[in-house]
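Please examine the sequence and the model before reading on.

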Amino acid sequence: MALDVILAAAGTLGVVVAALSGRLRRMPLSAPMLALFVGVLLGPELTGVLDVPVLPDGHAGYEQVARFLLAISVMAVALRFPVRQIRRETGSVLLLLLVGMLGMTLVTGAAAALILGLPLAVAALLGAALSPTDPVLASSAVSGDPAEGAIPLRSRLLLSLESGANDGLALPVVVIAVALAGSDSLAGAGLTALWQVLAAIVIGAGLGAVGGWALRAGQAHGATEAAPALLFTLLLAFGVLGVAGLAKTDGVLAVFVAGLVFNAMVDAHERGGSTKADDAINRFLSIPLFLLLGAALPWSDWRDLGWRGVALVTAVLLLRRIPLLMLLRRPLRLGRPDAIYLGWFGPVGVSAFFYLMLEAGRLDVDRPLVAAGALVVAASVVAHGLTAAAGLRLYRHATGGRTGGPDAG
């Protein structure tokens, strides 16, 4: 019954989003935000049409749904730009990953400890889960004709690559945070984290190379036109995710690495223009997850949080990222408008939801912790959906209406 309701609601909403796609980009709305609202409407708090477990109950199923969507999303990010452009920005992306993730984890954890009164180890769990920049929500800020016409290519590339890479690199941070909050040894957690990263890179690089070779072989025999090439990248993402899961390593990072290697081996013509289609599929496939999230929101736990929940959301949205990007503005060679834009539009979304569910499964975390994280995720979906169009207009005004230019092939 619940599955039928989800399919009917997601399909209907997908048709509406497709019909209004151009208008939505000019309005204070987004597909994830609409899906979240529909989920709330159908959920047990209002109509009760969609009966799903309230968070953190049902965390195993939610974790798997988020995992599949993240795999699709990071594959789309890895294929979005030509690899020669990616190579030029390797240093800046590494700076964002190393300094940015640590900074966002510390700021969010400190806010959780001060506002919610959580022990430092438990606050670190929340900080680690909310640290990655979400590629699903960030895509709306850097893709589509309005964004591509206004935001410089380099700024879009930095946000895209950061959101793709730190989704996978957040797992080692979460593993260490779980060790701090639980009974695992820190040394053991460090070794596990190292294995997660190294094994994911090896698996992703190997399978990405095999995938690139297979596509080129198929292209030579006329077997992979545009639509099959798109399906091929989706199957590659799922295959890498499965192999990484069997190896007990970081599947999301492995998929991102596989996408980068695959990107390096095939050119835009061989991909058959599938990059735009990948982004479109990524956008529409996010609808069922946000619909589920809307129905599963823990309203009673939020009421228990009271003013502290509002204070935490405000602190995380304003302090987690914008000050950090302003501090890194010069080494990243960003203008002030670009730093502010990339600082605000580095949302918390599917990746944070995934890691919250992962923590709920690996450690018996308190309900308030998951409730606080879910509140930040829901608030980020709404806040960034409402401000997307206005933010783009403000950016154009601040930069004198300069144009970003299309992605070079």
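Q: In which loop is P56 found?
A: In this predicted model, P56 is found in the loop between α3 (31–42) and α4 (59–80).

Q: What makes the peptide bond from L55 to P56 cis or trans?
A: Omega of this bond is near 5 degrees, and the bond from L55 to P56 is cis.

Q: How do you know whether R333 counts as buried or exposed?
A: R333 has 55% relative accessibility. The cut-off for exposed is over 50%; therefore R333 counts as exposed. R333 lies in the loop between α18 (322–327) and α19 (336–344). Phi of R333 is near 60 degrees, a positive value in a residue other than glycine.

Q: What volume has the largest pocket, and which residues are the closest to its centre?
A: The volume of the largest pocket is about 420 Å³. It is lined by 16 residues, of which L94, L97, A165, F256 and L260 are the closest to its centre. At least two lining residues come from each of α6 (90–116), α10 (153–181), α11 (186–220) and α13.

Q: What classes of residue make up the lining of the largest pocket?
A: The lining has 15 nonpolar residues, one polar residue and no charged residues.

Conventions
Residues are numbered from 1 along each chain as its sequence is written. This is a predicted model: local features need pLDDT of at least 70, side-chain atom pairs count only at pLDDT 80 or more; totals for chains, interfaces and linings use all residues. Side-chain values use heavy atoms; hydrogens and water are left out. Helices (H or I, at least four residues) and strands (E, at least two) are DSSP runs, numbered from the N terminus. Buried means under 20% relative accessible area, exposed over 50%, partly exposed in between (1.4 Å probe, protein chains only). On a 1 Å grid over the protein atoms alone, a cavity is a set of points where a 1.4 Å probe fits but cannot get out, and a pocket is an open set with protein on both sides within 12 Å along at least five of seven lines; lining residues have an atom within 4 Å of a point. Grid points are joined across faces, edges and corners, and a volume is the space filled by probe spheres set on the points. Ala, Val, Leu, Ile, Met, Phe, Trp, Tyr, Cys and Pro count as nonpolar, Asp, Glu, Lys and Arg as charged, and the others, Gly among them, as polar.
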